[in-house]
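Work through the exercises below with the structure at hand, and try each task before you read its solution.

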Amino acid sequence: MEEQGLSSTMRRILLVINCLILAVGVCGGPLMMRLYFVEGGLRIWLNSWLQTGGWPLTLIPLAILYMFRRKSERSDIKLSFITPRIFIASVVIGVLTGLDNYLYSWGGSKLPVSTSSLLIAAQLAFTAIGAYFIVKLKFTSYSINAVVLLTVGAVLLGVRSNGDRPEGVTSKDYVIGFILVLLAAALYGVILPCIELIYMKAKQAITATLVLEIQMVICFAATAFCTIGMIANKDFQKVGGCNLILTKVLTIIGI
């Protein structure tokens, strides 16, 4: 995934930044979501929206990459590399991502962080299966181990569901949450191979700029999907939940 105008050092820096942001999101996201529900938040669509609502931040690295290209190429360089075909495919995947966010938020509202995090980690196994059928990626010993271990982990969690059920959550709600998070993991296991399929069928160089543009379109479509859900649920008329979670977060970090 080469990007003209960028040195190898700059590409490594971008990779490290992406890994750090991903690590922060993966670790902090479930905790913040659970904190919202523990403190009395009820809006599932809002949680879904927040998972991709930061898509405008993608414009920052895109602008930086554009400036690097201008310094090293002609003045008539392309502003965007995404084609209409890739754009449409990204929008479809974005809508599926919005649905996946909703399933994860709904299920996560009924489960403790430990359980929901382990269940959503099962997406690794689902991704391996999805990649096998969608992009013809062969199974390896690592992917087989992931499928077996994560499946066994999910089964064990289901067996001891009464032991870690949050206060106020009925057995029925717990089971529903369990199933929804597993469905979210399975759906995401299809989404990731579909994104890889876009790269394979792109018929153009896969650069950092193109990848960021695809990610931005996917997140924008997912956010738009969740915004429609918020409007239908009249979430914009309920401001108490946002104030509650914001106050709690500021208290925790000492502001």
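**Exercise 1.** Decide whether Trp45 and Tyr102 are buried or exposed, and then work out how their rings are arranged.

*Solution.* In this predicted model, Trp45 and Tyr102 are both buried. A search of the whole structure finds five aromatic pairs. For the rings of Trp45 and Tyr102, the centres lie 4.1 Å apart and the planes meet at 25°, so this pair counts as stacked, given that planes under 30 degrees apart are classed in that way. Finally, Trp45 and Tyr102 join Trp106 and Phe225 in a cluster linked by ring pairs.

**Exercise 2.** Check what span helix H1 (residues 8-38) should have, and find where a kink lies in H1.

*Solution.* Start with the 31 residues of H1, which at 1.5 Å a residue should span 45 Å; the C-alpha atoms at its ends are 45 Å apart, which agrees. Next, follow the helix to Gly28, where there is a kink of about 35°, shortly before the proline Pro30. Pro30 is itself buried, as are Met33, Arg34, Leu35, Tyr36 and Phe37 in H1. Just after H1 comes Gly40, which takes a positive phi of about 105°.

Terms used. Residues numbered from 1 in each chain as written. Predicted model: local features only at pLDDT ≥ 70, side-chain atom pairs only at ≥ 80, totals over all residues. Heavy atoms only, no water. Helix = DSSP H or I, 4+ residues; strand = E, 2+ residues; numbered from the N terminus. Expected span 1.5 Å × (residues − 1). Bend = angle between axes of the 7 residues up to and from the residue. Buried < 20%, exposed > 50% of the residue type's maximum accessible area, 1.4 Å probe, protein only. Phe/Tyr/Trp six-rings, centres within 6.5 Å; stacked < 30°, edge-to-face > 60°.
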